[in-house]
Amino acid sequence: MHIVLLKRYLSKLATNTLIWSACDTLGYQCQSKRLKFSWLFRHNHPISAPKAQSKPWVLSANGKTISDPYHWLKDQNNPAVLKYLHQENAYADKVMANTTSLQSKLVKIMAAVEAQIAAPPEILEKYEYYFKEDSSTSLPIYFRRKIDSSQSYNDEEMILDLNNLSRQYPHCCVGQLKVAPSHQRIAYTFDTDGKENYQAYIIDVTGDQPNVIDIIKDAFAVEFASNENFIIYTKQNDRRRPFQVWLKSLTTNNKEQLLLQEDNEKFFVHVASTKNHRFLTINLNSKSSSEVWVLDTENLKSKPVLIKERELDTECYVDHSGDKFYILTNDKSSGKYKVMVAPDQNPGHDNWKDLQTVNNDFSYIGTNVLLDDMDIFSNYCALYQRENLQPQITIVNLHTPNQQQTFKLPIGTIASASNFTFTSNKLRFSFSSPLIADTFYELNMRDMTLTNLTPGNIRLDDSQFVYSVSYAISEDGCKIPISLCHRKDLQLDGNNPLLAVVYGAYGMELNRQFTAQNMCLLKSGWILAFCHVRGGGEFGRHWYYQGRKLNKKNSFNDFLACLNTVQDQGYSKPKLTCCKGTSAGGLVVAHICNNQPDKISAAILKVPHVDILGTMLDQSLPLTVEEYEEWGNLDSNHVFDYVYSYCPYTNIEPHNYPSIFLTASYHDNRVPYWSP
């Protein structure tokens, strides 16, 4: 269930009742060769917005009394809550009724665009795995086919049909799909209620039809051991935090053994097999630190071995090749990531050494080169790097680490693709930008030749569009990058509609990948401005640290500086500027709506995290304790006062707000429906 709200004015009355209305005009028209857009939310008679009942409720915290007359909306068991949400949805439908035709046209255009974007099958040793979707089925069907020695294909085999499962359950979502080393068994996790309560199905795929051989009722993540008669899985507690690792026999009376339990609420437990299937890594991750153990899956009677104990603001990810562990970790002093190597017989921290390259430490090649990820193979290590938002891939020969080659790409986003075959000499990755749909490449790591696996995917003409980087100067003098994309023929006279996108949290880089929605905007004359504010991961951990906890207001100041810059440079003006933020990015946009509403005309808030104060004070919620590392522990008076000062829900003011399009999800564990 999704709740959609559209508002133009927001007033906070003496009774604390919130009134939402949409009776004004977003006054501009934008022409396109395909469509003529006219966003006119004008009604002859104002539409009455539903009014939630105000019920007294107060909370005392840190010597302050907080009043929230809408606290009762948190109770999902209250029929009045669901009734009110239905009223809000009906209100949104009425407000947007005069855009129904436009919505239908846009859906058709975007569906046609999505249909032109292809992804290659995933190669896993002697099989390729893929799924199909067509108009006759509402959900994907998973297939595989064997690749013989002459590189020709055998008949395809159906391994999972979600349409059959959807007939049995009201909700149907696959979390993971894992293949056993022999390819004779497959395990997948399955959510049937939309609340991320997964169960694991283990199926035998050697017969004419897949055959279920076991079901694990509460399994969040699964992996096969080298002996695939055993499976390792994680189990969630009653707050939906994966906290235990179990070993289960699929043959001996379904015998189970608890391998590890993590009681610290900040840490989530995850299991993953190394690419060569030799070890299982047990990862205990908080928002900014991690601890890693490894289990020898060829000797399941052995105990897990500690690779790296937890340390604040230090993360660690492990893979294996030959007789060594390769450890991706960050240097606390510089904030940069690097790869360390340790012998698998004695992998303790005292035995770690840098993966040697020409400059002795690849993560410091050049002053602005940052390492994001690695892919380990039997002979090579592939390093996914960035330099000033421009991606590159460096290939290191594991037998002669001083030999390295770097492949640079245009400004955009790269990601590892299906590199599951440990012995492969070919690296698959995807490249995307606002102008280029996900394009999959195969890089031969021996000779660095590149093959485009999806040459037919959409690519907007470089001669007609501009994709560049500009900079804003924030309040404290910090330079904030802005990735700008628009048609070349636009006049930068301030009369262009502009969509400013922001995130700035959890050390994650802002998503600038191609979307059908953005393509429609670009072709119709919009300017896209991706604002890389602090709190994100664009420039390493220190960039992230400058936008979290007691530095969070830097994210808000950075975004305001970006808006001022693009408007001062003639890209747009406040009446033609719209902002978009998702989840924690919605917090940044909501702060603008509260404090500088005159800078924008509209805002898109997708599952926005706007009641940050109420959420962080409620330790009964599944993720509150884990979030301390991002926002701070509100038991501290200093932290409480700081969060209280910027929390959007707490700081609603009686002034005209921009038009707001807001979505939420009824079963969202991360941003509850009542938070927006």
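Student: Which residues of H4 are buried?

Tutor: Ala516, Asn518, Met519, Cys520, Leu521 and Leu522 are the buried residues of H4. Buried means under 20% relative accessible area, exposed means over 50%, and partly exposed lies in between (1.4 Å probe, protein chains only). Keep in mind that this is a predicted model: local features need pLDDT of at least 70, side-chain atom pairs count only at pLDDT 80 or more, and totals for chains, interfaces and linings use all residues. Residues are numbered from 1 along each chain as its sequence is written, and side-chain values use heavy atoms, with hydrogens and water left out.

Student: What makes H4 largely enclosed by the rest of the structure?

Tutor: Count the residues. Six of the eight residues of H4 are buried, so H4 is largely enclosed. Helices (H or I, at least four residues) and strands (E, at least two) are DSSP runs, numbered from the N terminus.

Student: What do the buried residues of H4 pack against?

Tutor: They pack against helix H2 (100-115), strand E36 (465-473), strand E37 (479-487), E38 and strand E39 (527-531). Contact here means heavy atoms within 4.5 Å.

Student: Why is H6 called roughly perpendicular to H7?

Tutor: Start with the value. Helix H6 (residues 553-568) and helix H7 (residues 584-595) pack at an angle of about 65°, with their axes 10 Å apart. Angles under 35 degrees count as roughly parallel, over 145 as roughly antiparallel, 65 to 115 as roughly perpendicular and the rest as oblique. That makes H6 roughly perpendicular to H7. The axes are lines fitted to C-alpha atoms, for helices over the stretch in contact, and angles run from 0 to 180 degrees between N-to-C directions.

Student: Which residues make that contact?

Tutor: H6 gives Ser555, Phe556, Phe559, Leu560 and Leu563, while H7 gives Leu587, Val588, Val589, His591 and Ile592. By class, the contact of H6 with H7 has eight nonpolar, two polar and no charged residues. Ala, Val, Leu, Ile, Met, Phe, Trp, Tyr, Cys and Pro count as nonpolar, Asp, Glu, Lys and Arg as charged, and the others, Gly among them, as polar.

Student: What makes Arg541 and Glu315 a salt bridge?

Tutor: The rule asks for a side-chain nitrogen of Lys or Arg within 4 Å of a carboxyl oxygen of Asp or Glu. In this pair the closest N and O atoms are 3.5 Å apart, and Arg541 forms a salt bridge with Glu315. The two are 226 residues apart in the chain. Both Arg541 and Glu315 are buried.

Student: How many salt bridges are there by this rule?

Tutor: The count comes to 30.

Student: What does Glu509 pair with?

Tutor: Glu509 forms a salt bridge with Arg386, the closest N and O atoms being 3.5 Å apart. Arg512 also forms one with Glu509, at 2.8 Å. Shared partners join Asp372, Arg386, Glu509 and Arg512 into one network.

Student: Why is Glu509 called partly exposed, but Arg386 buried?

Tutor: Glu509 has a relative accessible area of 26%, so Glu509 is partly exposed. Arg386 has 5%, so Arg386 counts as buried. Arg512 has 0% and counts as buried too.

Student: How do you know that Pro658 is buried?

Tutor: Its relative accessibility is 3%, so Pro658 counts as buried. Pro658 is found in the loop between helix H10 (637-646) and strand E42 (659-665).
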